[in-house]
Structures are given as C-alpha cells and as structure tokens.
Amino acid sequence: MVELEIEVGDEIKNEDLVRMFGCGPQGGMRRSHATNTLVLTSKHVDNVYDDRWVADVFHYTGMGLEGDQSLTYSQNKTLAQSASNGVEVHLFEVFKPKFYTYMGAVELAAEPYVENQKDQNGLERKVYVFPLRPISGGQPTLPFKKIESAIHNKQKMAHKLSDQELLNRAASKSSAGASRSVETKYYERDPWISEYAKRRAGGKCQLCESDAPFISKAGEPYLETHHIEWLANGGEDSISNTVALCPNCHRKMHNIADNNDVVKLKSRNASYE
Ligand SMILES: [Zn+2]
Ligand SMILES: [Zn+2]
C-alpha cells in the first residue's frame, strides 16, 4: 500500500492530492504510474452523475461525459481490472469546491454494471457503474455539516436551472436505497422544560398568536418547542429560552431568524416572569 499522510475523513486540497499520489490535477479518474494507484474523485457539487452510497458500497459512475460509456475506455478499463492488475484504488468525495475528502482505499465489490442515465443535455445513454467497497470496513461516517453544505450547493444549482433542465435531472435520478452515515451532535433537551413551555403557551403559538393548527394524536393542541437562542449557538435549555410555536413560525425562525421575531419572543417569555 502507498504510504499516506492522511486518514479517512481528512479533507485536502487538490495540490496535496496530486503531490501525495503523483497523479494529474484533473479528471474524475486519475491514474498514477508513480505510485501505481488510481485516484477516484466523486464531486457532489457540480456533477451530473448519480454517485451514491448504498449501505457499505459506493456506486461510482465511470468516465465519459457524452454518449454511451465503454468498459475498455481509458481508466474505466483500469478500474474494471483492478482486482487483478495490482493497481491500488483510492476514493475521494468532494462536498465543497476544491476540497477532497479521503474515503479510503477501495476495491470492486462486484462486477461493474450498466445503468441508463440522462446526460446534461437530457439524452438517454448507458453508463458503467462500479460498486466499490472500502478495504478497511464499511462506509466511513462523516460529520453532518459536510453533507449539508453539499446539499445546499446542489439546491442553489437546482434553483438556477431552466424548467426543462430541472425535469431532465429530476427524472433521471436513480438513487434508490442511497443513504449516508453521518455523525450528528445531539443536544440534550429537558422534557420538563419542553412540556412546561407548551402548557404555558395555552394552545397558542407564541409568535403569531394563532391557535395550534391541529390536535395531536395525544389529544393536545400541536405546537413545537424552540430555543430562542439555538442550543447549537450556545443558547441554554431553560424556561426563559424556550418557546412553543406553530410549525410555520418554527420553520420561519430557522429559515430567516428575523431579529424582530427574536425580540418579540424574548419579551413574551419575560412577561411570564
Ligand atoms: Zn405561529
Ligand atoms: Zn427550533
């Protein structure tokens, strides 16, 4: 195995990747004769491919941007033969432009298979998908923030597409069963505080003052508790920092966090004291 100064989950720049592996600076599949490796990069930021993890196997789309792909073409061939040609295969995923997250050395988990995908012009074509398995175990677990930023980038991209381009992409999505292992930080929330905040609100949203939109399964007016200063930003889980909101107002607080609303909620809570 090639000696690496990085571990799974580390994020490096392209210049470091090129230096460590002795490969070229461009392309999704980069063959290095210097280290006898094949470096695969899967971009989630500006990619038309549907690369995805299904359980512990990464389904990686081969090379060739237009027309049908071929297994004898360029590095598709190297990867297809990697069980016997002695070439080490290393995988990187890109969640934000110019940063490569190392996902480890991988091997073919099964034979490559053909899938129909639409290219960026909406034309149906055949691509080869390579099922790859990390040699050292299962799917690496990444911080949720990393995935989240890639999703936001894609949402921004999607927003800029024409209706037809958007339909082309939406209709060709083949991510059945795709899932990702992520680490999330769980903030403890005191159930007594939450219940107290809901009772105190008396069935009305503390922001818009409307009645709860429906009666929950448990027979209570449905409201959600929210921390005025978010726990993630250091806010405390206390009666004075917790409010009960209707789902619309709750989403609004998370989406735009209007300071007028924050002030209003703080003064509502202060009035109970
Ligand atoms: Zn409301
Ligand atoms: Zn909230």
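1. The chain has an average pLDDT of 91, and 96% of the residues score at least 70, pLDDT being the predictor's confidence in each residue on a scale from 0 to 100. Confidence is lowest in helix α4 (residues 163–172), with a mean of 80, and highest in strand β13 (residues 242–245), at 97; helices (H or I, at least four residues) and strands (E, at least two) are DSSP runs numbered from the N terminus.

2. This is a predicted model, in which local features need pLDDT of at least 70 and side-chain atom pairs count only at pLDDT 80 or more, while totals for chains, interfaces and linings use all residues. Residues are numbered from 1 along each chain as its sequence is written, and chains are lettered from A and ligands numbered from 1 in the order in which they are written.

3. The chain is divided into domain 1 (11–183) and domain 2 (191–272), with bounds that come from an automatic or database domain assignment. The centres of the two domains, taken over C-alpha atoms, are separated by 42 Å.

4. Strand β7 (residues 99–108) runs antiparallel to strand β1 (residues 11–13), to which three bridges join it; two strands pair if DSSP finds at least two bridges between them. Here Lys 13 has Phe 99 of β7 as its bridge partner.

5. Strand β6 (residues 88–96) is also antiparallel to β7, through six bridges, and Val 89 is partnered by Val 106 in β7. The two strands form a hairpin with two residues between them, where Lys 98 in the turn has a positive phi of about 75°.

6. Three bridges join β7 to strand β9 (residues 124–134), again antiparallel, and Leu 108 stands opposite Leu 132 in β9.
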